[in-house]
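User: I'd like to learn how to read a few features off a model. Could we start with backbone angles and then work our way inside?

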Amino acid sequence: MSLSQVTFTYEKFSPESLPQEWSALVSAAKDAAEHAYSPYSRFSVGAAVLTDGGHVEIGSNQENAAYPSGLCAERVAVFHANAKHSAEAVTKLVIVAKSGGVFTDSPITPCGSCRQVLCETEQRFGAKMQILMYGSRECYLVESASCLLPLSFGSESLGGK
Ligand SMILES: [Zn+2]
């Protein structure tokens, strides 16, 4: 038997100290949260992505009375970007959430299904996706979606490429 360990590093920022390169995406994600359809959770999530072609696209959570039929903001944003710019890698993602009319203090992190999609998006384009998880008190930044899903299932698991 041998033991292996997976570790990852993430940066913490106050919103005021975020690098300037993130400000437009944070604003876009905050705007996107205003367009969430979240009558069941009353938890509005906004996401914004940047592609390597310079396009910013947004998504928000879209709920449904048949709960599993809804979709998270992160996947709406990434699929939106991929649908419009299928040859462009998604290189940055910002996630924000609003509850009770205010942005959450703590960062919101992607659910497991979103992590799966974010990882495959990286693999698809062979490009890392930086993810900024925004909170009004502090923000987390990871350099790659793969940090959030170690030992992930992917196309290689199916015997594909
Ligand atoms: Zn999700």
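Analyst: Arg-42 sits in the loop between H1 and E2; helices (H or I, at least four residues) and strands (E, at least two) are DSSP runs, numbered from the N terminus. This is a predicted model, where local features need pLDDT of at least 70, side-chain atom pairs count only at pLDDT 80 or more, and totals for chains, interfaces and linings use all residues. Residues are numbered from 1 along each chain as its sequence is written.

User: What is the phi of Arg-42?

Analyst: The general idea first: most residues other than glycine have a negative phi. Arg-42 has a positive one, near 50 degrees. Leu-151, in the segment after E7, is another non-glycine residue with a positive phi, near 55 degrees.

User: Are Arg-42 and Leu-151 buried or exposed?

Analyst: You count other C-beta atoms, placed from the backbone, within 10 Å of the residue's own: 20 or more is buried, 12 or fewer exposed, in between partly exposed. Arg-42 has 12, so Arg-42 is exposed. Leu-151 has 6 and counts as exposed too.

User: How do I read a helix, say H3?

Analyst: Start with the length: the expected span is 1.5 Å times one less than the number of residues. For the 14 residues of H3 that should be 20 Å, and the end C-alpha atoms are 20 Å apart, which agrees. Then look at burial: Cys-114, Leu-118, Cys-119, Thr-121 and Glu-122 are the buried residues of H3. They fall within an arc of 155 degrees seen down the axis, so they line one face of the helix; the arc is that of the directions from the helix axis to the C-beta atoms. These buried residues pack against H2 and E4.

User: Which residues does Thr-121 touch?

Analyst: Contact means C-beta atoms, placed from the backbone, within 7 Å. Leaving aside neighbours within four places in sequence, Thr-121 contacts Val-78, Val-90 and Met-129. Thr-121 counts as buried, with 21 C-beta neighbours inside 10 Å.

User: And how many residues are in the largest nonpolar core?

Analyst: A nonpolar core is a set of buried Ala, Val, Leu, Ile, Met, Phe, Trp, Tyr and Cys residues joined through C-beta atoms within 7 Å. The largest one here has 39 residues, and Ala-29, Ala-47, Ala-48, Val-94 and Ile-95 have the most contacts inside it. E4 supplies the largest share of this core, six residues. Ala-29 touches, among others, Gly-46, Ile-58 and Tyr-134, not counting residues up to four places away in sequence.

Note on methods
Contact = placed C-beta atoms within 7 Å.
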